[in-house]
Amino acid sequence: MKGILSLLKTKARKPSEESHDSVFFTTAFAGQGVDESLLVPWEARAVEVGAKRLPKSRGGKLLQSLWGKDKYMAHLDQDAVERMERFFEFAAIPPNRDVIRQDEYGNFMVVLLTGTIAVDRVQPWGEQLRLAETRPGDILGEMSLLDSGIRFSACTTLTDCEVAVLSAEAMDEMMSQDPQLAASLVALLARKLSLRLRVVSARLSENQR
């Protein structure tokens, strides 16, 4: 994680230099030895779940409102969130659809804008554990986007949901076009992720007692 932040900050400190297209996030899975055929991009998942595109005007307003109330994401001011909106895709998803599946490789993260998504994990001994039922503003799948690792849990819509999706390609585009914004986003995602992992770890430990 420190390596990611270091690279982003380095790019942010050199705005006068010629900008080169970043491939930091899009090539990370190959660097981990992940076969490209195993990678599930948002475009493929969107078709599977029957996602319908939302107008950026609606999605952007929802994102601004939710992040403005979030303890961590509120560090991004309105101008920053507005600049970030163009890197997101916004979609509506019906209930009972797997947006993310456990043990797959995916190169996108999801911000829940409306509705409820269940986060479940099947334990090695076969028990299915409900880790959370998320609420608007929660972020899902950012771990795999940041570290190119396998998905830890499944995320399934319980209701009609509206989401904002950020892909690895969009993160690379943000790094090239607005590196300071990308650095801020990654730092905040890492902070929120660390907090959530501590909560999940405590939950799993309690369940094993």
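Me: In this predicted model, which strand pairs with β7 in the antiparallel sense over four bridges?
Reply: The pairing in question is antiparallel and is made of four bridges, with β7 on one side and a strand covering residues 154-157 on the other. Within that pairing, Val119 has Cys155 as its bridge partner. The strand that holds residues 154-157 is β10.

Me: Which residue stands opposite Ala118 in β8?
Reply: β7 also pairs with β8, again in the antiparallel sense, and this pairing has six bridges. The two strands form a hairpin with five residues between them, and in the turn Gly126 has a positive phi of about 105 degrees. Across the pair, the residue of β8 that stands opposite Ala118 is Glu133.

Me: How many residues of β7 are buried?
Reply: A residue counts as buried when its relative accessible area is under 20%. Strand β7 spans residues 117-122, and the strand is described as mostly covered. Of its six residues, the number buried is five.

Me: Which residue in β9 is the bridge partner of Val111?
Reply: Strand β6, residues 108-114, runs antiparallel to β9 and is joined to it by two bridges, while β6 and β11 pair in the antiparallel sense over six bridges. Val111 has a bridge partner in β11, namely Ala164, and Val110 stands opposite Leu140 in β9. The partner of Val111 in β9 is Ile139.

Me: How many of the residues of β6 are buried?
Reply: Across the chain of 209 residues, 47% count as buried. β6 is mostly covered, and of its seven residues the number buried is six.

Me: Which element supplies the largest share of the lining of the largest pocket?
Reply: The largest pocket holds about 780 Å³ of space. Of the 32 residues that line this pocket, those closest to its centre are Thr134, Asp138, Ile139, Leu140 and Arg196. Four elements, β8 (128-134), β9 (139-140), α6 (142-147) and α8 (179-207), each supply at least two residues of the lining. The largest share, eight residues, comes from α8.

Me: How many residues in the lining of the largest pocket are nonpolar?
Reply: When the lining is sorted by class, five of its residues are polar and nine are charged. The remaining class is the nonpolar one, and its number is 18.

Me: What percentage of the contacts in the chain between residues at least 6 apart in sequence join residues at least 24 apart?
Reply: The chain has eight helices and 11 strands. Among the contacts between residues at least 6 apart in sequence, the share that joins residues at least 24 apart is 79%.

Note on methods. Residues are numbered from 1 along each chain as its sequence is written. This is a predicted model: local features need pLDDT of at least 70, side-chain atom pairs count only at pLDDT 80 or more; totals for chains, interfaces and linings use all residues. Side-chain values use heavy atoms; hydrogens and water are left out. On a 1 Å grid over the protein atoms alone, a cavity is a set of points where a 1.4 Å probe fits but cannot get out, and a pocket is an open set with protein on both sides within 12 Å along at least five of seven lines; lining residues have an atom within 4 Å of a point. Grid points are joined across faces, edges and corners, and a volume is the space filled by probe spheres set on the points. Ala, Val, Leu, Ile, Met, Phe, Trp, Tyr, Cys and Pro count as nonpolar, Asp, Glu, Lys and Arg as charged, and the others, Gly among them, as polar. Two strands pair if DSSP finds at least two bridges between them. Buried means under 20% relative accessible area, exposed over 50%, partly exposed in between (1.4 Å probe, protein chains only). Contact means heavy atoms within 4.5 Å.
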